[in-house]
Amino acid sequence: VQLQASGGGLVQAGGSLRLSCAASGRTFSTYSMGWFRQAPGKEREFVAALRSGITYYSDSVKGRFTISRDVAKNTVYLQMNSLKPEDTAVYYCALGGPRALRISSDYDSWGQGTLVTVSS
């Protein structure tokens, strides 16, 4: 399976972006999909996941970010609203088994990352 992430860019604080993650070779409906991010000098951290139709979020993005999927397009999205400078990071989408959730090592396929920069 290959994952292609896109949609990153430069946005002012308070703005919005929508990230996309298109997959080839595997359907999402039977797997967990996650979004992680890594800021400069920091470890990769969990952002959001979609597993068995249920969404999960880190406390830092809950209420601002929304993960969703389009099964027909084999694409997962991360809608990011009310962006803050601390959201600046490279965002990665990942596909894992049915139990994958917040731990990055539970995911076995990763996209290349897309950079999100939020200016103050």
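So, Phe46 is buried, at 9% relative accessible area; buried here is under 20%, exposed is over 50%, and partly exposed is in between, with a 1.4 Å probe and protein chains only. Quick caveats: this is a predicted model, where local features need pLDDT of at least 70, side-chain atom pairs count only at pLDDT 80 or more, and totals for chains, interfaces and linings use all residues. Residues are numbered from 1 along each chain as its sequence is written, and side-chain values use heavy atoms, with hydrogens and water left out.

Now the rings. There are 5 aromatic pairs in the structure. To pair, rings of Phe, Tyr and Trp (its six-membered ring) need centres within 6.5 Å; planes under 30 degrees apart are stacked, over 60 edge-to-face, the rest tilted. Phe46 pairs edge-to-face with Phe36, at 5.7 Å between centres and 75 degrees between planes. That joins strand 5 (residues 45-51), which holds Phe46, to strand 4 (residues 32-38), which holds Phe36, with the two residues 10 apart. Strands, by the way, are DSSP runs of E, at least two residues, numbered from the N terminus.

What about Phe36, buried or exposed? Buried, at 1%. Its ring also meets Trp110: centres 5.2 Å apart, planes at 55 degrees, so that pair is tilted. Trp110 is in strand 10 (residues 107-110), 74 residues from Phe36, and is partly exposed at 27%.

Zooming out, Phe36, Phe46, Tyr92, Tyr107 and Trp110 make one aromatic cluster. And Arg44 sits over the face of Tyr92, 3.9 Å from the ring centre, and over that of Trp110, at 4.7 Å. "Over" means NZ of Lys or CZ of Arg within 6 Å of the ring centre and within 35 degrees of the ring normal.

How values were computed. Helix = DSSP H or I, 4+ residues; strand = E, 2+ residues; numbered from the N terminus.
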